[in-house]
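I opened my notebook to go through the side-chain contacts in this one.

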Amino acid sequence: MMKLILGMMAMLTSLSAWAGSPGAISALDIMTFADEFQCQDKFPHHSFCESVQFKPWTSGEKAIVGGYLARINDPRLQGILKAIKENGITKIHRVSHAARWYNNPQMRRVEFVRSAEKAFLWVNPVTNVIGVTDSFFTGTPFMDPYAKVDRKQINILHELMHDFDIATNHAFSMEEFEQAAGLANLDLAKSQREFQQVMALMKEKRTAEAYALDRELGIKYGFPTLYSMSNQFEGFAEVVAYGIFDPHADEYYSPELKAYLGKLFDVTEK
Ligand SMILES: [Zn+2]
């Protein structure tokens with residue numbers, strides 16, 4: 001019975017995607033759910049598997065994540081999705097945790113250690129793994145106050161933009177993006193001080209308030225979040241993700257940034 005219901009849900013999802021934009025592909029069309037991952041003595045070292053703890057997907061989890069992926073079907077993203085399909089990471093793994101990595105020069109290998117960070121999902125550019133963590137399913141659900149979209153929806157597109165960025169060897173997140181975003185002219189010391197307020201709320205587990213403040217303060221600078229200003233790669237992922245899902249992004253993005261996005265969607269489409 002469960003299988004039948006899930007099958008029908010999948011059918012409805014693909015029908016609605018089709019109804020929205022005829023012929024458009026969604027992230028669900030290019031990504032696959034993977035249940036296993038092998039670690040090695042050399043690379044990826046066993047400490048990676050020990051840190052993140054891979055586990056098989058349940059059908060319920062696949063239905064939830066599949067729903068978010070199916071809604072990433074905007075016509076502007078078609079070229080980006082195709083680039084991920086051709087050159088990017090297309091497997092999504094289910095993991096318990098996030099991990100950090102470091103060089104162990106004595107052992108001449110990269111090793112991993114579990115991170116306390118409660119990321120919903122992560123893209124690891126060292127191992128080429130995308131992991132959806134327990135937090136994705138246990139984290140407080142809430143709407144983005146501006147976009148009126150589930151923040152997990154925006155978060156998944158953010159991570160897929162890292163996937164795209166790696167697949168294109170940072171071709172779209174370097175000088176041209178930095179210029180369009182005006183990164184060189186920002187008062188980073190000031191925005192980093194402000195970001196401490198966001199972090200303080202996070203520490204108190206006032207997650208929705210932290211998120212809203214991150215958004216509010218970032219928008220003052222013409223960015224979707226203060227977090228966008230932490231580096232060009234995070235900025236790139238944030239600017240595209242909110243550019244797609246926040247209908248108000250047009251009101252706070254600079255003309256240069258909007259022109260850059262237009263060009264990105266155009267170039268990748270070809
Ligand atoms: Zn990121």
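Are Arg-109 and Glu-111 buried or exposed? I looked them up, and both Arg-109 and Glu-111 come out buried (buried is under 20% relative accessible area, exposed is over 50%, and partly exposed lies in between, with a 1.4 Å probe and protein chains only).

Ground rules for these notes: this is a predicted model, where local features need pLDDT of at least 70, side-chain atom pairs count only at pLDDT 80 or more, and totals for chains, interfaces and linings use all residues. Residues are numbered from 1 along each chain as its sequence is written, and side-chain values use heavy atoms, with hydrogens and water left out.

**Salt bridges**

I stayed with Arg-109 and Glu-111, whose side chains meet in a salt bridge at 2.8 Å, N to O (the rule is a side-chain nitrogen of Lys or Arg within 4 Å of a carboxyl oxygen of Asp or Glu). Searching the whole structure gave me eleven salt bridges. In another of these, Asp-74 and Arg-76 bring their closest N and O atoms to 3.0 Å. Asp-74 is buried at 18% relative accessibility, while Arg-76 is partly exposed at 36%. I also noted Glu-209 with Arg-206, closest N and O atoms 2.9 Å apart. Here Glu-209 is partly exposed at 41%, and Arg-206 is partly exposed at 35%. Salt bridges with shared partners also join Lys-55, Glu-61, Arg-94 and Asp-134 into one network.

**Zinc site**

Which residues coordinate the zinc ion? I found His-158 (NE2), His-162 (NE2) and Glu-234 (OE), at 2.1 Å (donors are N, O and S atoms within 2.8 Å of the metal, or 3.2 Å for Na, K and Ca; water is not among the atoms, so sites may look incomplete). Along the chain, the donors have the spacing H-x3-H-x71-E. His-158 belongs to helix 7 (residues 151-167) and Glu-234 to helix 11 (residues 232-245), so this pair ties together parts 76 residues apart in sequence (helices, H or I of at least four residues, and strands, E of at least two, are DSSP runs numbered from the N terminus). I checked burial too: His-158 and Glu-234 are both buried.

**Disulfide**

My count came to one disulfide (a pair of cysteine sulfur atoms within 2.5 Å). Cys-39 is joined to Cys-49, S to S 1.9 Å. The link of Cys-39 and Cys-49 is right-handed, with 90 degrees about the S-S bond. Cys-39 sits in the loop between strand 1 (32-34) and helix 3 (46-52), and Cys-49 in helix 3, ten residues apart. Both Cys-39 and Cys-49 are buried.

**Aromatic rings**

How many aromatic pairs are there? I got 16 (rings of Phe, Tyr and Trp, the last by its six-membered ring, pair if their centres lie within 6.5 Å; planes under 30 degrees apart are stacked, over 60 edge-to-face, the rest tilted). Phe-136 and Phe-137 have ring centres 5.3 Å apart and planes at 70 degrees, so they are edge-to-face. Phe-136 is buried at 2% relative accessibility, whereas Phe-137 is partly exposed at 25%. Phe-142 and Tyr-211 are edge-to-face as well, with centres 5.4 Å apart and planes at 65 degrees. That pair links distant parts of the chain, 69 residues apart. Ring pairs also link Phe-37, Phe-48, Phe-54, Phe-112 and Trp-122 into a cluster.
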